[in-house]
Amino acid sequence: MELSLNHRDEGAATVLEVAGEVDVYTAPKLRERLIELVQDGRHHIVVDMTKVEFLDSTGLGVLVGGLKRVRSHDGSLRLVCDKERILKIFRITGLTKVFPIHDSLDEALQDSG
Amino acid sequence: MPAVDLHLPPDVAYVGLARLIVCAAARLAGMAEERVEDLRIAVSEATTNAMAAHNRDGEGAPVVLSFGPTKSSFEVTIADAGAGFDPEPPEALNDRDPLQEGGLGVILIRGLADSVSFERGEGMRVNMRFQVGLEADGDRTQASVDV
């Protein structure tokens, strides 16, 4: 399965919807999109991962890179994830302490900004 | 079922194929779906590392995955001809800067496989074992999985 990315602005935040598989082959596309969004002045990003089927450490690394980038602009990067199998890899790597992770997009948008 | 050897060109485009084939074999062996998800990530990590090693070292030889069920587990060995690396010990996770990029693959492999060994020789050999059933110990009744 390929990776598809769509973004839209919701108030002060930008929602980046990620669908498909994020691995070493597809992650560069996600990295580039995050860089573009920050360069365009979008510093409060919500990455909606509810349609992500697979994510490994390459994808985690890209999200960490995105977080550092928005933080350097006093921004924020929140994640929406409701799949246990994906949450598990955030827990194993200790990244649940680094990313605000929400069950729903509404909840993430309420806290964003 | 004897082990299967899969020779893949050292191109990251094939990591998805590696996941697909190894997980299909694990399902055929009766592995519970929850464990197949663990296996899927661990195979992706080890194969990505192997492909990266070949690309870094200009090594054109294939990366070789050997996998199949044993008596009570499913075993995968991923061998590359790269320069190899010394994986961080499991306790290094405690002192790690969570914002450090890289190195997460080995942490995930250790966290997901029931046992893992890293052998550095001519290249790198990562051997991972997964229980086929959901229970790590005791009752090893195989889960019924639709294939």
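Student: What percentage of the 147 residues in chain B is buried?
Tutor: This is a predicted model. A residue is buried if 20 or more other C-beta atoms lie within 10 Å of its own. By that cut-off, the buried part of the 147 residues in chain B is 39%.

Student: In what order do the elements of chain B run from the N terminus?
Tutor: Chain B has three helices and five strands. From the N terminus on, the order is β-α-α-β-β-α-β-β.

Student: Which strands of chain A stand at the edges of the sheet, and why?
Tutor: The sheet of chain A is open, has five strands and shows mixed pairing. Its order is S1-S2-S3-S4-S5. An edge strand has a single partner strand, so one side is left without a neighbour in the sheet. In chain A, that applies to S1 (3-10) and S5 (101-102).

Student: Which residue in S4(A) is the bridge partner of Val47(A)?
Tutor: Strand S3 (residues 44-55) and strand S4 (residues 76-80) of chain A pair in the parallel sense. Five bridges join S3 and S4 of chain A. In S4(A), the partner of Val47(A) is Leu79(A).

Student: What angle does the direction of helix H2 of chain A make with that of S3(A)?
Tutor: H2 (residues 57-71) of chain A packs on the sheet. There, H2 touches S2 (13-22), S3 and S4 of chain A. With the direction of S3(A), the angle is about 180 degrees.

Student: Which element gives the most to the side of chain A that touches chain B?
Tutor: The contact takes 21 residues from chain A and 20 residues from chain B. On the chain A side, H2 and H3 (84-92) each supply at least two residues. With seven residues, the element that gives the most is H2(A).

Terms used
Residues numbered from 1 in each chain as written. Chains lettered and ligands numbered in written order. Predicted model: local features only at pLDDT ≥ 70, side-chain atom pairs only at ≥ 80, totals over all residues. Pairing = 2+ DSSP bridges. Helix = DSSP H or I, 4+ residues; strand = E, 2+ residues; numbered from the N terminus. Contact = placed C-beta atoms within 7 Å. Axes fitted to C-alpha atoms, helices over the stretch in contact; angles between N-to-C directions. Buried ≥ 20, exposed ≤ 12 C-beta atoms within 10 Å, placed from the backbone.
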